[in-house]
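Me: I would like to learn how to read the features of a model like this one. Can we take them one at a time?
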Amino acid sequence: MSYQKHCPGCFADKAAEAVCPACGYDESTPRSPLFLPHGLVLANQYRVGKVLGRPGGFGITYLCWDVHLQQRMAVKEYLPRELATRAADGVTMVVHGDTERAAVRAGREQFLGEARIVARLNHPNVVRVRSFFNANDTAYLVMDYYEGRSLGDHLTQVERVMSPEAAIRLLLPVLDGLAYVHGNDVVHRDIKPHNIYLTAAGVPILLDFGAARQATNEQVSSLSVVVTEGYAPLEQYQRRTPQGPWTDIYGVAATLYRMLVGEAPPIAIDRIGDDPLAGNGWVGIPEGLHPILAQALAVRPEDRHDSAEALSRDLRHWLDGNPELARRVPTTAALPYASADPEAPTVTRVAAPPSTRVSSSFRRRASDREPVAPRRRADDLTPPAPPPVPTPAADPVPPPASTPIMTWRVRILILVGVTLIGFAAGFAFSL
């Protein structure tokens, strides 16, 4: 059997041997028939190498060599395994049947939509899409390749639980990237450990925008249901429920919970009513961090932080040793649809001014952002006008007296005056 001259695992020259002396990649290891063969050149530019990460339900990502730029790239292929498979040539994608054809076509358009969305994003903590193209009856997108591993693999292979300080410092750049993404009217909708990549240089990169949506251009009724259990908030189980930055905030908080506790939070729909987190679900979470994470993981969207910047600010306060500066939430905030206790005090959080980078399409009503119990109307939240400031006067001015009613003495004097004027006029006329 012949092998590639250049290693499919790192593209170093291995002299057509099976095992690469540089990286140890074994080309003789059996390969799934769904994977493209080693050495295949896509679009006359990208030579296919090993598969990166775990193939998803809708695509496979390969390490490729750009023969023009002479550098490694990551190329993602659209291949929905439940709807299509590989043809006998091992390259072309074929649909299972006519009933799946429309779904595959729609999925491919969505896949290319991901490329168009991410191609205009440019942030050091967001994956960069360089190009996309159609080939082999499917579609491909070309991304920058980063040496490293996903956060999900790190938590599985290296350390199951991380210290709160290390976990938060790792996620803060991700929140910065999310703030930039949200500022461009894009919602990721699939934040989880396997979609956060840790480069060899220690930089976290937000990956996989396959579920992303441009909220300004898409109707709520057309949002598809994208769910990763434990990391997806309640609104992602409901096709017509609005989704926005608050959706991604839940995913980040669930990822942080996984990093601290060692397992994902309970499924969002299992938290309705009797929330498992309301009891001993916070074991392993520092006391000062608990209310911050509880707010970010609130089941009701309106109870969560209203922006990535807000959650980042609270986490930085905790790192700086000032948890009292972090906004508090009622302990019942994560218990949706429960009747409010009439004896409970009303807790009002003054929302921070929205970032100028965030589109108005993502801003919710003031009453939606206030974690209050019970909820009040927006007009109830309007602060009263300040009292007028008194100005000193030199001398006090007494209030004007009311006009007295005309007395009988005044009436007599007027009558006498009129009579005298009449006599004087008659006398003058007689002369």
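Reply: Start with contacts. A contact means heavy atoms within 4.5 Å. Keep in mind that this is a predicted model. In the protein chain, take the contacts between residues at least 6 apart in sequence: 57% of them join residues at least 24 apart.

Me: What does the secondary structure of the protein chain come to?
Reply: Eight helices and 13 strands.

Me: In what order do the six strands of the open sheet run?
Reply: Read across the sheet, strand by strand. The order is β1-β2-β3-β4-β8-β7, with antiparallel pairing. β1 (41-42) and β7 stand at the edges. Each has a single partner strand, so one side of each lacks a neighbour in the sheet.

Me: How many bridges join β7 and β8?
Reply: Six, linking residues 129-135 to residues 138-144 in the antiparallel sense. V129 stands opposite M143 of β8. On the β4 side, residues 71-78 pair with β8 over five bridges, again antiparallel. There, A74 has M143 as its bridge partner.

Me: How should I think about side chains along a strand?
Reply: In a regular strand they alternate between the two faces of the sheet.

Me: Which residue takes a positive phi in the hairpin of β7 and β8?
Reply: Look at the turn. Two residues lie between the strands, and N136 has a phi near 55°.

Me: N136 also touches T92. Where does T92 lie?
Reply: In the loop between β5 (84-86) and β6 (93-95). Leaving aside residues up to four places away in sequence, T92 touches T85, R86, A87, N136 and D137. The T92 side chain also makes a polar contact of 2.8 Å with the side chain of D89.

Me: Is T92 buried or exposed?
Reply: Compare the value with the cut-off. Buried means under 20% relative accessible area. T92 has 19%, so T92 counts as buried. Across the protein chain, buried residues make up 44% of the 431 residues.

Me: Which residues have the most contacts inside the largest nonpolar core?
Reply: F209, L297 and L315, in a core of 89 residues. Helix α3 (residues 164-183) gives the most to this core, with eleven residues. Look next at L315. Beyond four places in sequence, L315 touches I168, L172, L175, L256, L289 and I292.

Definitions and conventions: Residues numbered from 1 in each chain as written. Predicted model: local features only at pLDDT ≥ 70, side-chain atom pairs only at ≥ 80, totals over all residues. Heavy atoms only, no water. Helix = DSSP H or I, 4+ residues; strand = E, 2+ residues; numbered from the N terminus. Buried < 20%, exposed > 50% of the residue type's maximum accessible area, 1.4 Å probe, protein only. Polar contact = N/O pair within 3.5 Å; in protein donor to acceptor, adjacent residues only side chain to side chain. Pairing = 2+ DSSP bridges. Core = buried A, V, L, I, M, F, W, Y, C linked by side-chain atoms within 4.5 Å.
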